[in-house]
Amino acid sequence: MTGAAIEANGLGMAYGRRRGRALSDCSFRLPAGRICALVGPNGAGKSTLLALAAGLLRPTEGSVRVLGSTPAEARARIAYVAQDKPLYPQLTVADTLWAGAELNPATWDRAAADRVAGPLPQDAKVRTLSGGQRTRLALALALGKRPELMLLDEPMADLDPLVRHQLMGVLMAEAAEHGTTIVMSSHILTELEGACDYLLLVEGGRVRLGGESEDILAAHAVLTGQVRDLAPHTVVESRTTGRQLTALVRKEGPLDDTAWDVTEPSLEELLLAHLRSPEAPALLTPSARAREEVAAA
Ligand SMILES: Nc1ncnc2c1ncn2[C@@H]1O[C@H](COP(=O)(O)OP(=O)(O)OP(=O)(O)O)[C@@H](O)[C@H]1O
């Protein structure tokens, strides 16, 4: 079995006594080498989870281990790109990349950084760059560090579609060539579909769906047919038009394909159905279950 890139056990985070918990009793495991989509509604706890894994926040309950160590111990092996892409506004692009090389002398990969930063004007100050150009620079720093784990908080949100496509390609190639684990939070579900092989859906501060995307998809089905009882399957979402029923279900045994037209949902369909039905029970495939939870079961 491969090691875990991230393992959370009973992870909880409250920002203040009067505020609710951003994360609560959150347990999961992300095996190393995966490209993981981290999805969930606004305020679900995605950024909090990434900041805890990056060691920028300390959990108020439970624990998170990263690459087999505490986040602080693993810091040199992690690259974290925060949602607001903090960079030094007075530095030029060239100075910023130079600082990246100086701060990571053992691992700095200039070619990788240049592949991402390439089109940026080297002598432009960071404060004069557009939002998308800053994102490019932040991703160049992250990739140049040649990390084992990249934690990317909505990295593609302010990039134009062509650049998004190109940079996704660079990230995928990086992961394939070096076995880098990538966790990428995003609201753009269609873009995650072809790129990510692992899925974490966070809602209300805990993981609702976790595991290999293809296993999670295979555990569900879209059933279309005449209105009838869907038991024993767990209904995630259903709608009726006249006598016709369409339901996205979690399979609890063989499907009667004489009664139903059965198809596998797309990732986007599956995620939207779960987001619209927060009461649907959680599903973590075996690879996504935290070891402590498995031992306790
Ligand atoms: N620095 C902070 N201080 C206080 N509360 C915070 C802070 N950061 C986040 N929160 C709260 O924690 C909860 C989770 O926020 P978080 O930013 O982790 O969600 P998210 O899933 O990343 O959301 P989005 O998709 O909108 O970026 C929210 O209720 C938010 O108000």
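Me: Which strands does helix α1 lie across?

Reply: In this predicted model, helix α1 (residues 46-53) lies across β1, β2 and β4. Its direction is at about 120 degrees to β1.

Me: What makes β2 and β4 edge strands?

Reply: The open sheet has 3 strands in the order β2-β1-β4, with antiparallel pairing. β2 (21-31) and β4 (61-66) each have a single partner strand, so one side of each is left without a neighbour in the sheet. On average, neighbouring strands of this sheet are turned by 15 degrees against each other, direction ignored.

Me: How do you know that β1 and β2 pair?

Reply: Pairing needs at least two bridges. Strand β1 (residues 4-14) and β2 have 7 bridges, in the antiparallel sense. That meets the cut-off, so they count as paired.

Me: Which residue in β2 does A4 stand opposite?

Reply: A4 stands opposite P31.

Me: Why is α3 called roughly antiparallel to α4?

Reply: Helix α3 (residues 110-117) and helix α4 (residues 131-144) pack at an angle of about 165 degrees. Their axes are 8 Å apart. Angles over 145 degrees count as roughly antiparallel, so α3 is roughly antiparallel to α4.

Me: What is the handedness of the crossing of α3 and α4?

Reply: α3 passes α4 in a right-handed crossing.

Me: Which residues meet between α3 and α4?

Reply: R110, A112, A113, V116 and A117 come from α3. From α4 come R136, L137, L139, A140, L141, L143 and G144. This contact divides into 9 nonpolar, 1 polar and 2 charged residues.

Methods. Residues numbered from 1 in each chain as written. Predicted model: local features only at pLDDT ≥ 70, side-chain atom pairs only at ≥ 80, totals over all residues. Axes fitted to C-alpha atoms, helices over the stretch in contact; angles between N-to-C directions. Helix = DSSP H or I, 4+ residues; strand = E, 2+ residues; numbered from the N terminus. Parallel < 35°, antiparallel > 145°, perpendicular 65-115°, else oblique. Left-handed = near helix turned anticlockwise from the far one by under 90°. Contact = placed C-beta atoms within 7 Å. Nonpolar A, V, L, I, M, F, W, Y, C, P; charged D, E, K, R; others polar.
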